[in-house]
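Here is a friendly walk through one protein chain, meant to be read with the model open beside you. Have a look at the fold, and then follow along site by site.

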Amino acid sequence: MDSKIFKEDHILFDESAKTQEEAFKVIAEVAFEKGYVSDETTFFKGLKERENEATTGFKEGIAIPHSKDASVIKPGMFLIKFKHAIHWQALDQKPVNTVFALTIPEEGASEHLKLLSLIARKLIDTDFREGILANNDTKKLASIIDTIDF
């Protein structure tokens with residue numbers, strides 16, 4: 001995985017979010033704090049708007065929320081594990097507690113939407129998916145994520 005897009009410090013554990021809206025606020029805050037978006041509120045709204053188009057909930061407690069809006073400075077990926085199961089309208093109708101959140105710039109978006117596709121394909125791999133779900137060690141999680149060839 002490209003270190004400009006994902007680093008070990010992009011792995012976070014949140015104990016506060018209990019709703020999808022709260023989860024989006026956590027994601028927007030992290031993306032802003034790490035310098036991937038210029039405006040936390042705009043990115044938050046972009047996450048919500050994207051979710052209204054179609055669910056980003058995958059299956060087995062995983063979602064891939066993302067936004068391509070004017071606030072995005074550079075492409076990024078964040079793994080956030082939530083303590084509380086969050087209702088998400090996922091494809092399998094199960095709550096979500098693990099997200100791969102993406103910041104996708106408006107310019108060059110097609111290249112970075114490729115990352116979304118790569119993650120979705122990787123999540124079909126049982127070892128990858130179970131490794132992400134079962135681990136809470138940031139080094140181990142980063143090692144697993146680094147197997148995404150982007």
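## Around His66

The side chain of His66 makes a polar contact with the side chain of Arg50, at 3.1 Å. A polar contact here is a pair of N or O atoms within 3.5 Å; within protein, one must be able to donate a hydrogen and the other to accept it, and residues adjacent in sequence count only if both atoms are side-chain atoms. This is a predicted model, in which local features need pLDDT of at least 70 and side-chain atom pairs count only at pLDDT 80 or more, while totals for chains, interfaces and linings use all residues. Residues are numbered from 1 along each chain as its sequence is written, and side-chain values use heavy atoms, with hydrogens and water left out.

A polar atom of the His66 side chain also lies 2.8 Å from the backbone oxygen of Ile64. His66 is found in strand β3; helices (H or I, at least four residues) and strands (E, at least two) are DSSP runs, numbered from the N terminus. Is His66 buried or exposed? With a relative accessible area of 7%, His66 is buried (buried means under 20% relative accessible area, exposed over 50%, partly exposed in between, with a 1.4 Å probe and protein chains only). Leaving aside neighbours within four places in sequence, His66 is in contact with residues including Leu47, Arg50, Leu102 and Leu116, where contact means heavy atoms within 4.5 Å.

Ser71 lies in the loop between β3 (66–67) and β4 (76–86). Because its relative accessibility is 3%, Ser71 counts as buried. Its side chain makes a polar contact with the side chain of Asp69 at 2.4 Å. Not counting residues up to four places away in sequence, Ser71 touches Tyr36, Val37, Ser38, Asp39, Thr42 and Phe43.

How many aromatic pairs does a search of the whole structure find? The search finds 3, where rings of Phe, Tyr and Trp (its six-membered ring) pair if their centres lie within 6.5 Å; planes under 30 degrees apart count as stacked, over 60 as edge-to-face and the rest as tilted. Two of these are set out below.

| Pair | Centre to centre | Angle between planes | Geometry |
|---|---|---|---|
| Phe24 and Trp88 | 5.5 Å | 80° | edge-to-face |
| Tyr36 and Phe78 | 5.3 Å | 85° | edge-to-face |

Phe24 lies in helix α1 (residues 20–33) and Trp88 in the loop between β4 and β5 (96–103), so this pair ties together parts that are 64 residues apart in sequence. Tyr36, in the loop between α1 and α2 (40–53), and Phe78, in strand β4, link parts of the chain 42 residues apart. Both Phe24 and Trp88 are buried, and so are both Tyr36 and Phe78. Lys74 lies over the face of Tyr36, 4.6 Å from the ring centre; a charge sits over a ring if NZ of Lys or CZ of Arg is within 6 Å of the ring centre and within 35 degrees of the ring normal.

## Strand β4 and its partners

β4 is mostly covered, with 8 of its 11 residues buried. Strand β1 (residues 11–14) pairs with β4 in the parallel sense over 4 bridges, and two strands pair if DSSP finds at least two bridges between them. Asp14 stands opposite Phe82 in β4. With β5, β4 pairs in the antiparallel sense over 7 bridges, and Leu79 stands opposite Phe100 in β5.
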